[in-house]
2 protein chains.
Amino acid sequence: MSDTVVVGLDVGGTSTRATALTLSGERLGTGRAGGGNPTSHGAERAAAELLSALRGALADVDPARVAAGTIGLAGAARLLADPAGRAAFDRAWHDGGLRCPYAVHGDALVAYASGTAAPDGTILIAGTGAITAQVRDLRLDRVADGHGWLLGDTGSGFWLGREAVRRLLADLDAGHTPGTLGTAILTELVGSADIAPRPRDTVDATVQAVTRQPPIELARLAPLVVTAATDGEPVATALITEAAAHLAESVGRIRPTGAQTPVVLGGGLLTADTLLATAVRAELGRRWPDAPLRTAGDGAAAAAWLAARDLPEVTDPSALHAHLFPTP
Amino acid sequence: MSDTVVVGLDVGGTSTRATALTLSGERLGTGRAGGGNPTSHGAERAAAELLSALRGALADVDPARVAAGTIGLAGAARLLADPAGRAAFDRAWHDGGLRCPYAVHGDALVAYASGTAAPDGTILIAGTGAITAQVRDLRLDRVADGHGWLLGDTGSGFWLGREAVRRLLADLDAGHTPGTLGTAILTELVGSADIAPRPRDTVDATVQAVTRQPPIELARLAPLVVTAATDGEPVATALITEAAAHLAESVGRIRPTGAQTPVVLGGGLLTADTLLATAVRAELGRRWPDAPLRTAGDGAAAAAWLAARDLPEVTDPSALHAHLFPTP
């Protein structure tokens, strides 16, 4: 086997991860740094985190061995369209000692490739937000949702949190005692589950607790919904069912009826063994009974695999993928 | 008849209106000034607008004749709890030459009183936002919704605008050509109804056009929905039906089943002769078949009526109300 090395980077909002691989799938090193999304953090900061993660992955590797690299990040198209951003990434790549070219792909494609080697399929991601995309020949094709919390991200963590608060407020309006989920939400937001003598005061305190923070913080309530649903709480269970239906509806906007290509589930709400993941699998299985359902894995390794598969030495990319992502 | 005068003020976000009445319902003067909501404009500015409207109403009236006054405004409870705000209003009252006491009520109560003299009933308001309240003995009792655009205001102008954009984005995701409403929304937001060769670019441009502005600006799209529904456009018609159901559901949180007290419809979306008003009337009529449905009218006159009805000289407040708000 050649001593050629590929590197992959998965640049996320909260962390940047890098992996260096041989073409037989041996992990030579990994690196981790802070969040490096150029859209939210600025290109310079993102490039600095990228360099830091890269150095970690290459600590024991001669950079001259690296023949190809791939960077996956949200807003990849925006970076590629921005000469200053692109220059900052070029500089980091060069400062890491790398002389080979690198490709930039959307994080959704990298998440897809961490779940399957099939060139065509669907990626569905639900975390703070929600987005789904068709993949064709390992390129992102049509996209659905990902419209952000104000207009979309239906079925996401934000959506679960907001809906849980809305159900609580409806209960308080109607003079109903909140159930387990409502009680947990109320305690989280206002520090106590006691209803004021004038219930409208509790309503106002709840609304104010939410509106004091950026709206996206509502996503932090999603784990309360998932936990309550696991305990069989009816409001939470209904919300999980509804979220799964919304996510499957988004997939249905772009995925053909009867498609047999794989669907990869990504994002914190779907890669963990949550009731939402189970509900989404059931919903997708009902709509696309012949689709293999996969779970997204190590994004940095998937990015490295995307880099490797274009090298002439890699004659069987599927075998390399199977080695990197053994099915449980 | 005595020469006693009462004054009423309706303080809103975009205008402040004042009316001076005799106890037989003769309008002696009206005044109008800029928006004076103390929550959004600050108490000093609100008090200045109030004084300006008051002077207009009292231009031809000796202030010594004024025996009582009522001020209706959103966030009345907040003003009453704020000594500085209360002092600013006291000063404006005094600077207007008035020596009598005045009462402060929520704008929802004043809207209710502009539609009926019945002491008990329901007020439902849908404009930019949406709120409903039970009125008991001409005091606001339980309230539903009014939770703001992030968490509630379901069925409001904001809601209609946001849902119209969401339907448009779903169409664009799915590769469907938008209908008449979607076309109107797209033109309003991005200046053209042409779909980019890569439809995701049109999706992104639409999302960006919305997120560049404060979220509440989505309410400005509501008239497009109302107009399209009037033309029978199916998406708009469905949204109007859904909004009416949401508004009736909010009423159902607080209004007892079988109640026969009046329901007053207020707010720009329900006082105009819109399809939404028609749909809400139908929905309320179905749920509460014995409820008289009324439409809110002149808030300043209603505030003045609330002031008058507590005076010992006013022996028949209902007759005065009927005189002020003749049924068409």
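Visitor: What kind of crossing does α13(B) make as it passes α14(B), left-handed or right-handed?
Guide: In this predicted model, the crossing of α13(B) past α14(B) is right-handed.

Visitor: Which residues make the contact between α13(B) and α14(B)?
Guide: Helix α13(B) contributes Ala301(B), Trp305(B) and Ala308(B), while α14(B) contributes Leu320(B), His321(B) and Leu324(B). By class, five of these residues are nonpolar, one is polar and none is charged.

Visitor: Why are α13(B) and α14(B) called roughly antiparallel to each other?
Guide: The axes of α13(B), residues 299-308, and α14(B), residues 317-324, cross at roughly 165°. Angles over 145 degrees count as roughly antiparallel, and the two helices are therefore described in that way. Their axes also come within 10 Å.

Visitor: What makes Leu181(B) of helix α7 in chain B a buried residue?
Guide: A residue counts as buried if 20 or more other C-beta atoms lie within 10 Å of its own. In α7(B), which covers residues 180-190, Leu181(B) is buried, and so are Gly182(B), Ala184(B), Ile185(B), Leu186(B) and Leu189(B).

Visitor: Which elements do the buried residues of α7(B) pack against?
Guide: They pack against four helices of chain B: α6 (157-174), α8 (199-211), α9 (222-230) and α10 (234-254). After α7(B) comes Gly191(B), with a positive phi near 85°.

Visitor: How many residues of chain A are in contact with chain B, and which element of chain A gives the most?
Guide: There are 22 residues of chain A in contact with 22 residues of chain B. On the side of chain A, two or more residues come from each of β8 (139-145), α6 (157-174), α8 (199-211) and α10 (234-254). The most come from α6(A), with seven residues. By class, this side of chain A has twelve nonpolar, four polar and six charged residues.

Terms used. Residues numbered from 1 in each chain as written. Chains lettered and ligands numbered in written order. Predicted model: local features only at pLDDT ≥ 70, side-chain atom pairs only at ≥ 80, totals over all residues. Axes fitted to C-alpha atoms, helices over the stretch in contact; angles between N-to-C directions. Parallel < 35°, antiparallel > 145°, perpendicular 65-115°, else oblique. Left-handed = near helix turned anticlockwise from the far one by under 90°. Contact = placed C-beta atoms within 7 Å. Nonpolar A, V, L, I, M, F, W, Y, C, P; charged D, E, K, R; others polar. Buried ≥ 20, exposed ≤ 12 C-beta atoms within 10 Å, placed from the backbone.
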